Amino acid sequence: MAKKKKRQKKSQQKNYSKISAHKRQGKKLIPPLVDNFDFTNSSWIDDRLPEMLWAILLVTHLPREDALNVFRKVAKYIEDLPSEDKFYDVTHTGLSKLSSERLDDVLAIITDQQEQKEVLASLLLLDELPGQEAWAKALNVDRIDDDWNLLMESVGHTLWHQTQESTDCRWLKVLCRMMAGKLQIAFENPEDSRQRVNEILYYPDCGDPSHVRASIRATEITPAPLSSNQTGWAAKFWSECLAKTPCFPINTNFPSREILTGTTRERLSKVYNLLIEHTHHTRTTSGVDARHDAVFGLGLYSLSLLQELLQVGSCNSISSRTTLRTIAESFITLAYLAKKDDAELWQKYRVYGTGQVKKVFLKLDDSQTEIPHFVDLTTLEQLANEDMWQEFQTIDLGHWADTNLRKMSEEVGVKDVYDRFNDWTATFSHGHWPAIRDAVFDTCGNPLHRLHRIPRQSPRALPDVVPDACQLVDQILEIVSQLYPHFQDRVTLEERHL
Ligand SMILES: [Zn+2]
């Protein structure tokens, strides 16, 4: 059996809440932050980034200190205004609402040097930029080439709201609010307040850098009074970028963590044949033996599924997740039956299945529509009547053991198998969104498209399921051997890294 892989413990670096930290409310698990955080208007990418394009262009294409100096000059301009004229909103929308005199003053600072003009000229690619005319006048550019690379690069550096470049732009907003007298900093201890003010004024050279950056970001996210968001510029920006620039896939075909051989067809075929032999050796009656049939049936069924997984390309396929789930469920079922080892329960498992076949047969036979191609009604009828005439067969509409798979796994001490193999595979078999996202969508590598999803030419090669399937099949064979000693052959090869 393959050795259990030790996953690197990263508990010290975790930046997420464990399941146990969530609060249960009915059938929902609520993360700790949700109760205490207002997410309204908090999207950096969607709403706030497009409003700071000018700053983003400067801070990503000029030497950092040069860009920060431009930011400081803008803040100084605000500080020097009479109090009734002060403003703090240096977003594109905010600037466009200034009087033309103020706007020209600010843009003169922002576009002061030739290198600033060259970088900021990209803004004129955007037809709906707030204050387009004023920007064109300040930049003194009639038209520019259709070159989106500067914008693409800048947005690429700032899509993540915590990068240094993003934080610099967020600091600019905080600094301007402070200069306009619109930022209240009042800690209980006046010394703390002074320290906080200095950290903003002398950013990035005052205080512990990681603490300062975090506190700048936390301040920037709080809504400013009379904030000028909701003007629609951000949505227009993203629409224009999508319409005017192309998609290009990142091609995220993540390699699996490691390549394990699991097993070979030869080994599997040998074990399969040996299990057939063992089935014959241990048979004691030609009558119905629910225990013997279930034990060897589940063993051979799982081995057959594993054989299918070894077909070329199968182990990385979408459907292989469903196959793995079936093998895991077969293991839990067998573990449950074996632990109870009750003649009535073995029989119940069998009779329940037969009742299901009868139900399917009767429904389809009665159906006015076409019988599905994959169904053979004659086979269903034979299966429904094999042990007993179907007229005596009761149909059970519940679970065969009056429980469910999770509870069964808990009851017999194999909940770890349920946790590891059921939920993620179920996402694939139910066609839930994360499976679809993972398999058939790629991420667009154009930063101006906000990392949106684009279809793949073919499904992603998903991580190999064979090593896990081998482990489960071997656990099934272990139970077979316990119930019908001795069957010592296993499918898993010694781990071999390719
Ligand atoms: Zn795209």
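Predicted model: local features only at pLDDT ≥ 70, side-chain atom pairs only at ≥ 80, totals over all residues.

Tutor: Residues are numbered from 1 along each chain as its sequence is written, and side-chain values use heavy atoms, with hydrogens and water left out.

Student: Which residues coordinate the zinc ion?

Tutor: Donors are N, O and S atoms within 2.8 Å of the metal (3.2 Å for Na, K and Ca); water is not among the atoms, so sites may look incomplete. At 2.1 to 2.4 Å from the zinc ion lie the donor atoms SG, SG, ND1 and NE2, which belong, in that order, to C247, C444, H449 and H452.

Student: What arrangement do the four donor atoms around the zinc ion make?

Tutor: Four donors count as tetrahedral if all angles lie between 85 and 135 degrees. Here the angles run from 103 to 120 degrees, so the arrangement is tetrahedral.

Student: How many residues apart in sequence are the parts that C247 and H449 tie together?

Tutor: The donor residues follow the spacing C-x196-C-x4-H-x2-H. Helices (H or I, at least four residues) and strands (E, at least two) are DSSP runs, numbered from the N terminus. C247 lies in the loop between α12 (233-244) and α13 (265-282), and H449 in the loop between β3 (441-443) and β4 (453-455), so the parts tied together are apart in sequence by 202 residues.

Student: Is H449 buried or exposed?

Tutor: Buried means under 20% relative accessible area, exposed over 50%, and partly exposed in between (1.4 Å probe, protein chains only). C247, at 40%, counts as partly exposed. H449 has a relative accessible area of 4%, so H449 is buried.

Student: Which helices do the buried residues of α12 pack against?

Tutor: The buried residues of α12 are W233, A234, F237, W238, E240 and C241. They cover an arc of only 160 degrees around the axis (taken from the directions from the helix axis to the C-beta atoms), which puts them on the same side of α12. The face turned away from that side carries the exposed residues A235 and A243. Contact means heavy atoms within 4.5 Å, and the buried residues pack against α1 (44-48), α2 (53-61), α4 (92-96) and α8 (149-158).

Student: What covers the buried residues of α8?

Tutor: In α8, the buried residues are L151, M152, S154, V155 and T158. They fall within an arc of 170 degrees, so they line one face of the helix. Their cover includes α1, α2, α9 (164-179) and α12.

Student: With which residues is L125 in contact, leaving aside neighbours within four places in sequence?

Tutor: L125 lies in the loop between α6 (114-120) and α7 (132-139) and, at 9% relative accessibility, counts as buried. Its contacts are I144, D145, D146, D147, W148, E240 and K244.

Student: Which residues does S330 touch, not counting those up to four places away in sequence?

Tutor: S330 is placed in helix α15 (residues 319-340), and its 7% relative accessibility counts as buried. The residues touched are L298, Y301, S302 and I476.

Student: What distance separates the centres of domain 1 and domain 2?

Tutor: The bounds, from an automatic or database domain assignment, are 44-244 for domain 1 and 265-483 for domain 2. Twelve residues of domain 1 are in contact with seven residues of domain 2. Taken over C-alpha atoms, the centres are separated by 57 Å.

Note on methods: Tetrahedral: all angles 85-135°; square planar, octahedral: opposite > 155°, others 65-115°.
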